4 protein chains.
Amino acid sequence: MCGIVGVAGIPDAAQLVYLGLYALQHRGQESAGIISIEPDGTAHSHRGMGLVNDVFPPGALARLRGDVAIGHTRYSTTGSSVLANAQPKLVNYHGGPLALAHNGNLINAQEIRADLVRRGSIFQSSSDSEVLVHLIARSDARRCEDQIRDALERVEGAYTLLLTVGQTVFAIVDPRGFRPLSVGRLGTGWVLASETCALDIVGARKVRELEPGEWLKIEHGRLIDLPPLASATPRRCIFELVYFSRPDSTVFGHSVDRVRRALGHALGREQPAPGADCVFSVPDSSNAMALGFAEETGVKLEHGLIRNHYVGRTFINPSQAARTAKVRIKFNPVQDVIAGKSVVVVDDSLVRGTTSRELVQMLRHAGAREVHFRLASPPITGPCYYGIDTPNRGELIASSHSIDEIRAHLGVDTLGYLSLEGMLGAVGAEDRYCHACFSGQYPTAIPNHPGTRDHEPLPLVAD
Amino acid sequence: MCGIVGVAGIPDAAQLVYLGLYALQHRGQESAGIISIEPDGTAHSHRGMGLVNDVFPPGALARLRGDVAIGHTRYSTTGSSVLANAQPKLVNYHGGPLALAHNGNLINAQEIRADLVRRGSIFQSSSDSEVLVHLIARSDARRCEDQIRDALERVEGAYTLLLTVGQTVFAIVDPRGFRPLSVGRLGTGWVLASETCALDIVGARKVRELEPGEWLKIEHGRLIDLPPLASATPRRCIFELVYFSRPDSTVFGHSVDRVRRALGHALGREQPAPGADCVFSVPDSSNAMALGFAEETGVKLEHGLIRNHYVGRTFINPSQAARTAKVRIKFNPVQDVIAGKSVVVVDDSLVRGTTSRELVQMLRHAGAREVHFRLASPPITGPCYYGIDTPNRGELIASSHSIDEIRAHLGVDTLGYLSLEGMLGAVGAEDRYCHACFSGQYPTAIPNHPGTRDHEPLPLVAD
Amino acid sequence: MCGIVGVAGIPDAAQLVYLGLYALQHRGQESAGIISIEPDGTAHSHRGMGLVNDVFPPGALARLRGDVAIGHTRYSTTGSSVLANAQPKLVNYHGGPLALAHNGNLINAQEIRADLVRRGSIFQSSSDSEVLVHLIARSDARRCEDQIRDALERVEGAYTLLLTVGQTVFAIVDPRGFRPLSVGRLGTGWVLASETCALDIVGARKVRELEPGEWLKIEHGRLIDLPPLASATPRRCIFELVYFSRPDSTVFGHSVDRVRRALGHALGREQPAPGADCVFSVPDSSNAMALGFAEETGVKLEHGLIRNHYVGRTFINPSQAARTAKVRIKFNPVQDVIAGKSVVVVDDSLVRGTTSRELVQMLRHAGAREVHFRLASPPITGPCYYGIDTPNRGELIASSHSIDEIRAHLGVDTLGYLSLEGMLGAVGAEDRYCHACFSGQYPTAIPNHPGTRDHEPLPLVAD
Amino acid sequence: MCGIVGVAGIPDAAQLVYLGLYALQHRGQESAGIISIEPDGTAHSHRGMGLVNDVFPPGALARLRGDVAIGHTRYSTTGSSVLANAQPKLVNYHGGPLALAHNGNLINAQEIRADLVRRGSIFQSSSDSEVLVHLIARSDARRCEDQIRDALERVEGAYTLLLTVGQTVFAIVDPRGFRPLSVGRLGTGWVLASETCALDIVGARKVRELEPGEWLKIEHGRLIDLPPLASATPRRCIFELVYFSRPDSTVFGHSVDRVRRALGHALGREQPAPGADCVFSVPDSSNAMALGFAEETGVKLEHGLIRNHYVGRTFINPSQAARTAKVRIKFNPVQDVIAGKSVVVVDDSLVRGTTSRELVQMLRHAGAREVHFRLASPPITGPCYYGIDTPNRGELIASSHSIDEIRAHLGVDTLGYLSLEGMLGAVGAEDRYCHACFSGQYPTAIPNHPGTRDHEPLPLVAD
């Protein structure tokens, strides 16, 4: 997963992009980058591995001059966590400097790439996004929006894009609209961001979310609607609401906090835990769901687990981790809340089950008499091909185990999932969501090669 | 404020100290350090500025060999945030290598230091803790516990200490017991830590907390009680329970989470907000207090503010910070919860009022109809001389303003503080707490020079 | 200028390339890089700005596994001293991983690059060498040697190349043979290097120098002669012998030391300094020339100037440099040798005259009674387009000033240059040298744009 | 060995000290440091491991404000190459900030240190120089010159010192005057340096060298002679002239270049090599000696060995070094000079013989018919206790082998050393030199513990 931010028509645009990326840090912690463009077309790039704060030391921002800038944070994926894959990507093509920030995943990138390489293109990274750059550079069209359109007609999958050619900014959402993008106004300039929390942090006023297939051009301070891409049935990613986006954002027209509260209520209705002494969340992503569950069922709300927020980047010695449960690094139980009690634990979703199993053992060790595990979404049975870094199907516990097997594996007294209908009901039940990871109903052909982002790993090791 | 951890009698002790420091990261983010001692007496030191994770890169721990180790995290204080002041301090004296980790503050360090310097001692830092090292080295006593006792008889103030001389570990709490220290058992070894959450993370079983004036020696795997220091009336720091310690810790015999819930109940009783639509905390330190308030008053609990946990180390350009309220970097309101509502905001305490004022403005901007501010502790009217980095008296808003003036300054509809009696009632009301910052009843003489930690700044700039 | 080294068929080939680069450090101090290829085709790259020692810290070499490796050191040129331009360049093209190290300069790179960009190629650097990579990738030929030949038929200028495609190594010298390349044998493997001193350092036995237009292929341990490139009149760079190469190397069939001694003898014959008390060199490049001069003329040899060999990387504060002559950082006179004497100073060549002027002032200040300046090559009147970083014509003092004007500018009593005939006589006088910078007889068309290496500076600033 | 520089009464004094250290880089490459003092007494320190250029990046000097500064470069000694031992040392004592730079070695430091530690002093380093600091701080005298004199009366050995107390500078040479120190004038300010080449580089005019036992005070711009230390027979280190100092310096009243030429002449007289084809030096320290030898004997001077001046900091893989002779990294023979010839090699001195043996093998491999090795100083039979880092007696080849055994070990046809009388004759033969390493006539008691600089290694590993 990734987060993207763009600013146009505001002095020191990179400063605002930096703040925006910082608000979107949860969408990607592997690498971060900003590219700015000065009025004379000079482009500046700064990218690095790590968190936004680590990538941009005091002073780095000062060099990113210009009133146009785009930025990107990238999630850690297996195997190709290298600077070459960090975004935004900046290249010179015959139309001038071109920068690109991409949230999503192209499912036919590998085929196109093989064709381009055969014809003499030289790739700099293993990222699917670079395919777009080469397609644009190879287009015979004269206007850059036509070059971009030529390129987009070749690709399939999920792409929410911020692109600059010179000082012109393009904002594009693929026809199914898997990933969100909002546009806001700040003074006489424009701010674009994956989530509204990034508009809030810079003080921009939200204008609207982009619709599936929509694309905008910002030039000389004016926002222009370009003809939309070929239409398709919208397939908004429901996992953005369940887990990925921040609760203070508005995504796909919904307050994320309110959706999660509704998911908690639905979970309480479908999967109550009569007789339990208390309920608590696995903080922080399921806080709203646990509160909803408590409101719905009347079970007393507690804070049973404390999360250590410094955890993100801890180096733990493997042998040490063997002795101490790894989960203790992240969570610690509140003994006085748990000892001797029958507790309900609410989490947003269950992927591999590894962490949850350790969590349950920790709660038992802290004296929990009964543990009732509740999940505010259905079993995850398939991988995502549209930009969320779920593991392979084989590692998804619900793809090959029954609910009772999972219950036994976790070591809980009862286990309850929210149903697909219950989940969709909480977001209005319209047929505009992608829920393929839960339902197996993939909105596109499935790629032959199940790898997600990074096709054809380069047989070379960069400096 | 600082956090300290010690381990004795366990192979690769530094690995456990590292985990323990990591659990105590909230007690100090300025610098961190670990000193380990091998069975042959060889001592290894690694210290650095920044978070535990930054200070100890993969590999640094491997060099900290030995089955005895002590560690320290230090809070950022004004003016002398330099490596020379990082702890633990390791020196060679005539008794061999001596390491010291200190939580607290000595109120007569400046006078003693001046005397030592006059007699030819050369100081390496501006920290008050170094005074102890020189006093020990200058003692005429032959046994090292007598040297330490000689030194401690000279100093006054707050000191919870972990000291090693060779492989012998000493754990000492000053006669008033301002700062906490617990001892735990792990296999055949011992673990000491400021808070029990650091025992939990390494899987140690809590044995007990040290009493005021108590000191322990651990030698050859055995824990020995040494004769206590001169007795005094216990003065446990109540701010540890109100704000400083982690909710999953047990401190001064209390579950911090349960104390904070009780503070929330008491606040609800003393300062209800009839007619409010909802209540929420300023996350995360007041979460339990807001829940207690909601339980007591029946006002609906919400999550109205979302905290960005990546905030700790963000560099914000000053001019940028001027445009965007600084508070937005840390908190963002959930629009749908707040717009048009009468809201109660619960916080643990109020120091300068700057952040709270900006927070209130942000809530107003998000559409709050009424804002009722509630504080789960009394007005802070004086600085702390015992190790908490409160600002000078002049910056404490309650030292010079009435509650109504503060209400107007914050821009809230109503403002309610918990009373001193209410606060003490929540912790059992016994006369064993220091509440000087709230009550002005300082348990020691007040130093003439109100600076706290760092006396006599060196007129030199180290490399 | 640059230095290149290649090794094939020897385990840990990168270790030998490292030593070879180290011996060629004088050919380029701006950046260094090595690319190694394992038997399974996996390529490893490590490049960096700075000296060989700085670029390859302990451990970096260990990661450069494989029995084939090529390396490059690059000279500092104005304006584009960036990592992107460091070599060897490693890319993936349809034939697999391709690595390239280039010594020389292509005079038509800019035109070809513009054409390639128009057709959709994306360049990663501003270096002329990248043109070759794209031409190879765009070739329709099937065999990689044919692809390379297609590419070379498009370019004009100076190129001595080491290229790898998979584990196959190609060594190529352009038809005029501007830059040297020797091949040596070490056990059952092969070593290629710009100068023989790099064969010496790894203990390789010199087999031969490559002739102009020659190219070799090394595959499966066998060295194969490929059909030569289209023939042309050889134009070996005479400046390699006069200044650039190390005196312990054999270049273009000559011992550099012996050539320089002969230049000194010729200079003594043409430009004696009767009555002088002593002669000394500007160390170290003209040591052999001064000795030859002394032998020829009978003037007593002295060491009048001491060179500080730590100078290369000194940061001198500009305002400081204004006060102290910059030349003092590099050279210091031996007072007792110079005071009251009539001295002859021998240097290899004179470019701008700035340093020499300061040197003369320093000698006068040290008490020299008379200063006779002697140059062991003719006046430099034109820039080099073939890989030596001479300044623009306007900065070459001899392009616009008479010898007497130069004498007055330097402030010397007499000034004597070696004649073109004298210089050529010292190397055998055959018509196989490029001496364009002295004679204006350029062996190719002169590019319109007088910039040398770095065409079309990218309007972007890389990270 | 070390180099020291001091500047007083000149704005931005640290800039000049930096240049001076740079000229003294040959006296110590392990670490470097500068301490500056502002008019208000504020002291600034910057020290680091490595070369002067590495230690002071652009910008570091700017922070070293003040018109008084002292600097130090330190030679690499075995075992305690750590930042804590870098100089100048800066501490706060009761007299204010005190900085010290020391060239030499105290032979009774270990005993004094043990006594000070017993009395409660805490040492920060393992360097002998720190003893002086503690002695000064412990003195009961009131004036700082009396405190310093008290300290110096306790120590024995070699010490050339630059000391600052506040803005007052003291320059002191021990009564035997082992190490040189010159004072120069620059405008209205003063410059002090180990060698005159450091005066030259800043453009200072030499005033005089300090005599043994002399000490100067510079205060308020005035240079004041203080009463000298107790007198003793001068014992100037002859190795400064033979090897250590730069040829462009004047040391102990002699031009180093002229002394070395005279040593070469004496060597030619005592140890000619009749019938040899040519003579060359092991560059650069014996260049003048080889020239003198050639002049004396009429044997033709050549440049047979080329030195790679980038060698200082090369990391060579040990296994690689086994395959290639290590000496090749530093020197390469000129084949055409050597092949088939009878050669004379002149070096300044022979310590272990390891490098020379490899050098001879390299010359044989390059085809030398006969090798005649000549040394311009006598056999080294004992270690230095006065600041030169000679190895232990056991590693000195001449301490336990006859000249014929050494000849066989080196593999040369003949071996000739200059005699003690011959060496002393070249410097005027007065009885004012220490030649203990050649003659065994140590001017002080020899310490029991033969370790030189670093007594009592701390059993702790600093960060």
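Chain B and chain C do not touch either, with 15 Å between their nearest C-alpha atoms.

Before going further, some ground rules. This is a predicted model, in which local features need pLDDT of at least 70 and side-chain atom pairs count only at pLDDT 80 or more, while totals for chains, interfaces and linings use all residues. Residues are numbered from 1 along each chain as its sequence is written, chains are lettered from A and ligands numbered from 1 in the order in which they are written, and side-chain values use heavy atoms, leaving out hydrogens and water.

**How two copies relate**

**A strand tucked away in chain A**

Helices (H or I, at least four residues) and strands (E, at least two) are DSSP runs, numbered from the N terminus. Strand β7 of chain A covers residues 157–165, and nine of its nine residues are buried, so the rest of the structure largely encloses this strand. Buried means under 20% relative accessible area, exposed means over 50%, and partly exposed is in between (1.4 Å probe, protein chains only).

Strands count as paired if DSSP finds at least two bridges between them. On one hand, β7(A) is joined to the antiparallel strand β6 (residues 96–106) of chain A by nine bridges, and His102(A) has Leu161(A) as its bridge partner in β7(A). On the other hand, β7(A) pairs with β8 (residues 168–173) of chain A over six bridges, again in the antiparallel sense. There, Thr160(A) has Val173(A) as its bridge partner in β8(A). β7(A) and β8(A) make a hairpin with two residues between them, and Gly166(A) in the turn has a positive phi of about 60°.

**A helix with a buried side**

Now over to chain B and its helix α3 (residues 109–118), where Ala109(B), Ile112(B), Arg113(B), Leu116(B) and Val117(B) are buried. Down the axis of α3(B), the buried residues fall within an arc of 135°, so they line one face of the helix; the arc is that of the directions from the helix axis to the C-beta atoms. What covers them? The cover of the buried residues of α3(B) includes β6 (96–106), α4 (130–138) and α5 (144–154) of chain B, together with β5 (89–93) of chain D. Just after α3(B) comes Gly120(B), which takes a positive phi of about 100°.

**An open sheet, in chains A and D**

In chain A, five strands form an open sheet with parallel pairing, in the order β18-β17-β21-β22-β23. At the edges stand β18 (300–301) and β23 (414–417) of chain A, each with a single partner strand, so one side of each has no neighbour in the sheet. Chain D also has five strands in an open, parallel sheet, in the order β18-β17-β21-β22-β23. Here are two strand pairs from these sheets:

| Strand pair | Bridges and sense | Residues standing opposite |
|---|---|---|
| β22 (residues 370–375) and β23, chain A | four, parallel | His372(A) and Thr414(A) |
| β17 (residues 278–281) and β21 (residues 342–347), chain D | four, parallel | Cys278(D) and Val343(D) |

**Rings**

Over all chains, the structure holds 36 aromatic pairs. Rings of Phe, Tyr and Trp (its six-membered ring) pair if their centres lie within 6.5 Å; planes under 30 degrees apart count as stacked, over 60 as edge-to-face and the rest as tilted. The rings of Phe178(C) and Tyr386(C) have centres 4.3 Å apart and planes at 15°, so this pair is stacked. Phe178(C) lies in the loop between β8 (168–173) and β9 (182–186) of chain C, and Tyr386(C) in the loop between β22 (370–375) and α15 (403–410) of chain C, so the pair ties together parts 208 residues apart in sequence. Phe178(C) counts as buried at 1% relative accessibility, and Tyr386(C) counts as buried at 1% too.

How values were computed:
Contact = heavy atoms within 4.5 Å.
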